[in-house]
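Here are my notebook entries from a look through this model.

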Amino acid sequence: MNKKKICQLTSVHSRHDTRIYNKICHSLAQGGYDVFLIVADGLGDESINNIEILDVGTNTSRLKRFLNTSKSIFNLALELNCEIYQFHDPELFPVALKLKKRGYKVIFDSHEYLPGQILDKEYIPVFFRKLISYSVEKYFDINIKKLDAVISVTPHIIDKFRSKSGNAIQLTNYPILESDNNSFYKEEYIKRKNTVFYAGTIYETSQQYHIIKAIESIDNVKYSLVGTINDKYKNILKILSAWDKVELTSFVPKVELDKIAMNATIGLAIFDYIPNLGYKIGSLGVNKIFEYMLYGLPIICTDFILWKEIVEKYNCGLYVNPNDINAITKAIRYLIENKEEAYEMGQNGRNAVLEEFNWNTQETILLHTYKSLLS
């Protein structure tokens with residue numbers, strides 16, 4: 001019996017993007033499908049782990065990417081003649097609609113909610129942000145219903161899509177469980193130096209200014225900050241008096257990131273109340289808290305409704321108002337002064353990920369979705 005052919009489409013994401021490649025492509029390949037991934041990165045074709053990666057070349061210009069890259073992706077997708085196409089970038093909507101007209105099954109995987117994301121773009125004047133966001137919302141209203149399914153990462157986005165699609169499915173970015181996921185003993189944790197830890201893109205809404213201000217009055221603490229940061233924001237942070245407590249590391253491979261995390265004592269996920277995160281609702285699509293939990297670290301996170309429920313249910317950390325520097329200070333100080341309790345919180349969080357908040361649970365949903373569309 002011939003395997004069903006499926007294809008993932010992206011014009012902007014890395015070929016080894018965690019959600020697209022490591023999670024979705026791998027799960028579908030293991031589920032018995034012939035898996036193709038079309039990318040536009042200029043790195044050439046590649047066959048790895050039973051996944052065929054096909055490259056249409058790169059365009060740095062957004063307009064050229066929208067016109068030329070999209071055309072190349074469509075032509076290659078058509079040539080592959082797959083049963084299902086899943087696209088990951090809103091700019092590929094015209095490609096998706098043309099594939100749908102040709103009779104193919106098409107899924108939109110909305111990693112974030114574009115209308116809300118536009119409202120967070122500070123480089124766009126406020127008036128135009130609202131106008132563009134409204135226009136994109138209307139475009140979604142008209143076109144999402146034409147697709148076979150829409151997938152996203154968190155309840156507040158799925159609720160928006162349910163009014164536009166008869167098949168809206170939540171597929172959350174929970175961590176992959178690996179055989180070498182680290183564990184450790186209480187004695188080892190308690191001996192660690194007091195280190196708060198953040199990994200990811202370092203931008204203003206991740207409240208780095210507030211966090212660094214918060215550690216000013218805490219003695220014997222280090223802030224391990226790992227990720228990319230633009231020079232403008234970095235210069236703002238560097239003038240803070242507690243900058244000498246910050247150890248800034250640029251992007252590192254996962255093996256190195258694991259080592260840094262396993263020397264930390266607290267994981268930080270303190271984000272502002274922004275539209276893309278559902279304001280005070282929060283998003284399960286920000287998987288930092290789950291990654292910190294898997295490391296066995298107690299978390300300090302924003303008091304989003306969704307995150308508060310997790311922290312309270314599993315007693316895996318503390319939550320704070322992201323704009324209250326004193327609250328952040330108190331939370332950090334409490335956990336470093338009560339390390340035995342902090343260790344127990346970390347273990348509670350780790351167990352919660354091992355049992356519930358892991359990719360295995362989402363893989364089941366993904367495979368069921370594909371099976372349903374092909375039946």
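This is a predicted model: local features need pLDDT of at least 70, side-chain atom pairs count only at pLDDT 80 or more; totals for chains, interfaces and linings use all residues.

**Entry 1: cysteines**

I looked for disulfides, taking one to be a pair of cysteine sulfur atoms within 2.5 Å, and the count by this rule comes to 0. Residues are numbered from 1 along each chain as its sequence is written, and side-chain values use heavy atoms, with hydrogens and water left out.

I then checked their surroundings, calling a residue buried under 20% relative accessible area, exposed over 50% and partly exposed in between (1.4 Å probe, protein chains only). Cys7 is buried at 0% relative accessible area, and Cys82 counts as buried too, at 2%.

**Entry 2: the whole chain**

Next I stepped back to the protein chain. I counted helices (H or I, at least four residues) and strands (E, at least two) as DSSP runs, numbered from the N terminus. The chain has 15 helices and 14 strands. Its radius of gyration is 22 Å, close to the 21 Å that the globule rule gives for 375 residues, so the chain is as compact as a globular protein of that length. For that, the radius is taken over C-alpha atoms, and the rule is 2.2 Å times the number of residues to the power 0.38.

I also noted the box filled by the C-alpha atoms, roughly 65 × 50 × 40 Å along the principal axes. Of the 375 residues, 53% are buried. I took contact to mean heavy atoms within 4.5 Å. Among contacts between residues at least 6 apart in sequence, 68% join residues at least 24 apart.

Which way do its residues point? Ala149 and Ile151 point one way, Val150 and Ser152 point the other way, and all are buried. In a regular strand the side chains alternate between the two faces of the sheet.

For pairing, I asked that DSSP find at least two bridges between two strands. Strand 6 (residues 105–110) pairs with strand 7 in the parallel sense over 4 bridges, and Ser110 has Ser152 as its bridge partner. Strand 7 also pairs with strand 8 (residues 168–170), again parallel, over 3 bridges. There, Ser152 has Gln170 as its bridge partner.

Strand 7, helix 6 (residues 155–162) and strand 8 make a right-handed β-α-β unit. Right-handed here means that, with the strands pointing away from the viewer, the path from the first strand over the helix to the second runs clockwise.

Pro155 sits in helix 6 and is partly exposed, at 25% relative accessible area. What does Pro155 touch, not counting residues up to four places away in sequence? I found Gln170, Leu284 and Leu306. Its C-alpha atom is 9.4 Å from that of Thr172, 17 residues apart along the chain.

My last stop was Asn348, in helix 14 (residues 339–355). Asn348 counts as partly exposed, at 26% relative accessibility. Leaving aside neighbours within four places in sequence, Asn348 is in contact with Tyr314 and Asn315.
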